[in-house]
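Hi,

Here is the structure I promised to pass on. Have a look at it, and then read on for what turned up.

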Amino acid sequence: MTPTEDREGVCVVLGVGPSRGLGAALCRAFARAGATVVAAGRTRERLEAVAADILQGGGRAEAVVCDATDEDAVRALFDRAAELGPLGAAIYNVGNNRPGAIAEMETAYFERAWRIGCLGGFLFGREAVRRWQGETEPAARRSLLFTGASASLRGRAGFGAFAAAKGALRQLAQSLAREHGPDGIHVAHVVVDGGIAGDKIEQGAPEFAQRVGPDGLIDLDGLANAYRFLHGQEPSAWTFELDLRTAQEGW
């Protein structure tokens, strides 16, 4: 069956946390566009709150608890998504920006950063591609999107484990883009350069939020709109990477 523009399909977002967070904002943005959203992450209460908000607004959403580093759980996540319709977008938004000096770092700490930042992206991307390869009635567009950070592009003192994981995820995304672009799968990487105006910063680091002020934090809706922009691009003019920051961010 030839894809049609009115078939938005299912959007799977892995890495959904608080209602005022990037994962939740992505869920709402894709739901508003007509997608059936699968909100996935580790905390059921948060996931159900995001899904309930979308349902209350007339959208379609479901919450699925999933550990990004658990192969069986990621496979089950896409099994459930396939029951809801053709896969339109798959977004890996999992992160663990935790500092640590390399000389003082335990091996398990570094490995955990890599498992969350990179291995989980591999499992997620592989399963998304496998589902698309098996579909006979695909969605109008198929996008595999990864959330990166400034650490995707450069290492900083005190953030060696995080930078290693994020840099590897970016290279993985590039490889997926080159392997599956000819198949009609748009793979893109989004560099989020700076703090996000959401609960993680405003509640977890209020001193930082106060210091930079509202103009120094990246707007959630602006971020979500950028992911929607990537998903809506035509194959004749695809973007692999966007980097997003406020006008105040030094770079």
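I call a charge "over a ring" if NZ of Lys or CZ of Arg is within 6 Å of the ring centre and within 35 degrees of the ring normal. R228 does likewise with F30, at 4.7 Å from the ring centre.

Some housekeeping before the rest. This is a predicted model, so local features need pLDDT of at least 70 and side-chain atom pairs count only at pLDDT 80 or more, while totals for chains, interfaces and linings use all residues. Residues are numbered from 1 along each chain as its sequence is written, and side-chain values use heavy atoms, with hydrogens and water left out.

Now the overall picture. The protein has 8 helices and 7 strands; these are DSSP runs numbered from the N terminus, helices being H or I with at least four residues and strands E with at least two. The C-alpha trace spans about 55 × 35 × 35 Å along its principal axes. A compact globule with 251 residues would have a radius of gyration near 18 Å, and the 17 Å found here agrees with that (taken over C-alpha atoms; the globule rule is 2.2 Å times the number of residues to the power 0.38). Of the 251 residues, 51% count as buried, where buried means under 20% relative accessible area, exposed over 50% and partly exposed in between, with a 1.4 Å probe and protein chains only. Among contacts (heavy atoms within 4.5 Å) with a separation of 6 or more, 74% come from residues 24 or more positions apart.

On to the inside. The largest nonpolar core has 34 residues, and V16, C27, F30, I91 and Y227 have the most contacts inside it. By nonpolar core I mean a set of buried Ala, Val, Leu, Ile, Met, Phe, Trp, Tyr and Cys residues joined through side-chain atoms within 4.5 Å. Elements giving two or more residues to this core include β1 (10-14), α1 (22-32), β4 (87-92) and α8 (220-231). The most comes from α1, with 8 residues. Apart from this core lies another, of 33 residues, among them L14, V38, L87 and A177. Leaving out residues up to four places away in sequence, I91 touches C11, F30, F124 and Y227, among others.

Which aromatic residues cluster? F78, Y92, F124 and F146 form one aromatic cluster. The structure holds 3 aromatic pairs (ring centres of Phe, Tyr or Trp, its six-membered ring, within 6.5 Å; planes under 30 degrees apart are stacked, over 60 edge-to-face and the rest tilted). One of them is Y92 with F146, a tilted pair at 6.3 Å centre to centre and 55° between the planes. That pair links strand β4 to strand β5 (residues 143-149), with Y92 and F146 being 54 residues apart. Y92 is buried at 0% relative accessibility, and F146 is also at 0%.

And the cysteines? A search of the whole structure finds 0 disulfides, taking a disulfide as a pair of cysteine sulfur atoms within 2.5 Å. For C11, the nearest cysteine sulfur is that of C27, 6.6 Å away. C11 is buried, with 1% relative accessible area. C118 is buried as well, at 11%, and its sulfur is 16 Å from the closest one, in C66, which is too far for a bond.

Finally, R46 in helix α2 is partly exposed at 42% relative accessibility. Beyond its neighbours within four places in sequence, R46 contacts G17 and P18.

Cheers
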